[in-house]
Protein chains: 2
Amino acid sequence: MSPEIIFDPYAKLYSEVSRLSRSSDIRDLLSVTGRADIISFGGGFPYIGGLPPEDFSRVMNEVVTGSFAEAFQYGETEGLEPLKYRLIEVMAEEGLEAEPEHILITTGSQQALDLLGRIFIDPGDTIVMEGPTYVGALTAFRPNGPKIMTIPLDEMGMRMDLLEKELARTDAPAPKFVYVVPNFQNPAGVTMHKSRREKLIELAGKYDLLIIEDNPYGLLRFEGKPMAPLAGRDRRRVIYLGTLSKIVSPGIRVGWALAPAPVIEKLAILKGSADLCSSNLSQMFAEAYLGKDIWGKNLEKQKAIYRSRRDAMLKSLEKHFPREASWTHPEGGLFIWVTLPEYLDTTKMLPLAIEQKVAYVPGTAFYPDYTGANHMRLNFSFPPEEQIVQGIKRLGKVIRKEMELYHSLGLDRP
Amino acid sequence: MSPEIIFDPYAKLYSEVSRLSRSSDIRDLLSVTGRADIISFGGGFPYIGGLPPEDFSRVMNEVVTGSFAEAFQYGETEGLEPLKYRLIEVMAEEGLEAEPEHILITTGSQQALDLLGRIFIDPGDTIVMEGPTYVGALTAFRPNGPKIMTIPLDEMGMRMDLLEKELARTDAPAPKFVYVVPNFQNPAGVTMHKSRREKLIELAGKYDLLIIEDNPYGLLRFEGKPMAPLAGRDRRRVIYLGTLSKIVSPGIRVGWALAPAPVIEKLAILKGSADLCSSNLSQMFAEAYLGKDIWGKNLEKQKAIYRSRRDAMLKSLEKHFPREASWTHPEGGLFIWVTLPEYLDTTKMLPLAIEQKVAYVPGTAFYPDYTGANHMRLNFSFPPEEQIVQGIKRLGKVIRKEMELYHSLGLDRP
């Protein structure tokens, strides 16, 4: 059992979206991960416990003693210049070229989503999102009053045929932007195929669309060929978001946006009112850490752990889940997306799962319209392998029992 | 000369408010403090160079090695519970009682201003601010489209007689809230008198007003009797904002709001979309630092430095500024507010001052309506005493020269 208890800031967002808040017990349960009594696949955490504290301690000590007066002072709203050069190296690892003047460092990439929503969305504007989509983007965009056009995704990412059809409808208003998580999507774990990426860029040109490319997991690839970011194909139309949360640490709250200069300028003005500047201490730590060999080594270590946890989960799903269930096979990232028979409702099933000491996030948390009830998101990066095996076994039992009940009542037929 | 070069995140805000952005040269100059060639009274920085790095280093090391997996992980949106108890102790130093469930920890108190503006202001709503007022509050509130009712302040704080008159006007819409910085106000340096505090609470009751009490400097008192916070008089009507930026470090970005439970709940939901959670690392550092004797000792050291710098500035102003100028005599905080003859314009004068290698923030940056042109804000916490003496001498010359020019042209008469 993991000794780490983590308070999940996402629990509030899930319940905002999926109306889980009706059951505050469940929200409270989901808000804590790493409790000894419950195996939770509900979080979306990197496994910090797998990193060597001494590496972080050494770098932090270097920053605090070597750059004390700067680290503990206010910093520039746009972010620390030397860190921008490190982030350019990070983006280069995925084949994306960038320049410091096109980067704004944010307080996690969640802040970039919030600022972009406030800048681009006027009430009634249409925006395009994947179905399912990242819950943090949903809650960041929604307060600005957009109409959300949800385009389903499959194993190859967003269905471009459906997007094209929607865009071609003469009565449809032109969307303000298309929001996508192309690599190891949260929650679905799928990666957008090359042909879909090309099509999206083509459609953006044809319909004069802006694309927000959110890429928190791109460097967490365990297998397969890396995919070039959308931003590399059209820097003018794509706003690219990165974060160190999954490849260094979420505790330092460092993300960034790469965008055309006028967008960066607008973002910087709004960031100034939102929180003045991100932490210099965090940024200087990140700069120093990314400048050392340990960063690449530690990332490889973490990827090896995640890969083996993913494999354990896939194997357990195969063994313990009913044949009516299906799930995605992510080549990286943190999540597997499970599809159960249409008649099952994972929100209603969650209390039963929790009774059996296992938790997940119900699919409805990832759709703007409360659909997705027969899906669940499972996180494999955080729980140790023995918990994964045990937890999937428990969850399989809960699902089978629920299916039997529906069958006995004749509710499993349309 | 100070070796610290600091990028000032406020420079962007000043230029947003005061139309300084017309001159990007000046904005660029104001955006850097601590340059060897210019004596700047323009910043609003604590003097981190006066703190012992080894204290910070020791505490940080304790956190990184002792609580590694938690410090570098996501945290709860509402903030770290143990830190809330420390903040309760900090508030108790000013005689304010509080409970953890009424506290939300924010990414600097700037974030609280941003979230409050988004929650409370609908386009066209009236809000009340001091004239002059804190530039960060102006830029946080303004994007939400309020009508700003500016109530002038004097040496005793906001003029309650004028506020009462405005509130009594039958045609005036009821303001959504009154925003005040009661202690050592930014930019004016004045402190709200006890009788004004009582009157404000009385008016809030009579007109059913909400008060936002922003108190970043309360614990930076060099002399005189501490004043009880407004929140202590009416916890139901007052939202109290605190920050560690001036009493520990702005580099850690830790502020907080103390408010009634329904407000904290709304703030927490919006904070979740804004940046998920504040840095656990920063919060755990703050919690550990505030738990040690060094925090009080270091604060006393800083106050002694600031006091002696304030005295140096007051003495230099007396010596070098013309008798037509007047200025405030703050009992604490970071700023002195200078009033020049009506016909002078400190925005136009700034390039002349910069030619003479001295800088300040023009008064227009602190008014919503571009008035305040004959004022300037001088910061005394950051520049060393020899710079203060030299800089005020230079600035006095610039002002005298400008006055002579106006006089010779006959422009100094109304």
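**Reading strands, helices and a chain contact**

Tutor: Start with a pair of strands. In chain A, β12(A) is joined by 2 bridges to strand β13 (residues 335-339), and the two run antiparallel. One caution: this is a predicted model.

Student: Which residue in β13(A) is the bridge partner of W327(A)?

Tutor: V338(A). In general, strands of a sheet pair through backbone hydrogen bonds, either parallel or antiparallel.

Student: What is the order of the strands in the open sheet of 4 strands?

Tutor: Read it as β12-β13-β16-β15 in chain A, with antiparallel pairing. Two strands stand at the edges: β12 (326-327) and β15 (361-362) of chain A. Each has a single partner strand, so one side of each is left without a neighbour in the sheet.

Student: What pairing does the open sheet of 8 strands in chain B have?

Tutor: Mixed pairing, in the order β4-β11-β10-β9-β8-β5-β6-β7. Its edge strands are β4 (103-106) and β7 (157-158) of chain B, each pairing on one side only. For a parallel case, take β5 (residues 126-131) and β6 (residues 147-154) of chain B, which pair over 6 bridges. There, G131(B) stands opposite P152(B) of β6(B).

Student: Which strands of chain B does helix α6 (residues 108-120) of chain B touch?

Tutor: β4, β8 (177-180), β9 (210-214), β10 (238-243) and β11 (255-258). The direction of this helix makes about 155° with that of β10(B). Helix α10 (residues 261-275) of chain B lies across β4, β10 and β11, at about 25° to β4(B).

Student: How many residues of α6(A) are buried?

Tutor: 11 of the 13, so α6(A) is largely enclosed by the rest of the structure. Among them are L113(A), L115(A) and L116(A), along with D114(A) and R118(A). From first C-alpha to last, α6(A) reaches 19 Å, close to the 18 Å expected.

Student: At what angle do α8 and α9 of chain A pack?

Tutor: About 10°, with the axes 10 Å apart. Angles under 35 degrees count as roughly parallel, so α8(A) is roughly parallel to α9(A). By class, their contact has 6 nonpolar, no polar and 3 charged residues. Look for L163(A) and L167(A), among the residues from α8(A), and L200(A) and L203(A), among those from α9(A).

Student: How many residues does the contact take from chain A and from chain B?

Tutor: 54 from chain A and 54 from chain B. On the side of chain A that touches chain B, the largest share is 7 residues, from α3(A). By class, that side has 25 nonpolar, 20 polar and 9 charged residues.

Key. Residues numbered from 1 in each chain as written. Chains lettered and ligands numbered in written order. Predicted model: local features only at pLDDT ≥ 70, side-chain atom pairs only at ≥ 80, totals over all residues. Expected span 1.5 Å × (residues − 1). Buried ≥ 20, exposed ≤ 12 C-beta atoms within 10 Å, placed from the backbone. Pairing = 2+ DSSP bridges. Axes fitted to C-alpha atoms, helices over the stretch in contact; angles between N-to-C directions. Parallel < 35°, antiparallel > 145°, perpendicular 65-115°, else oblique. Contact = placed C-beta atoms within 7 Å. Nonpolar A, V, L, I, M, F, W, Y, C, P; charged D, E, K, R; others polar.
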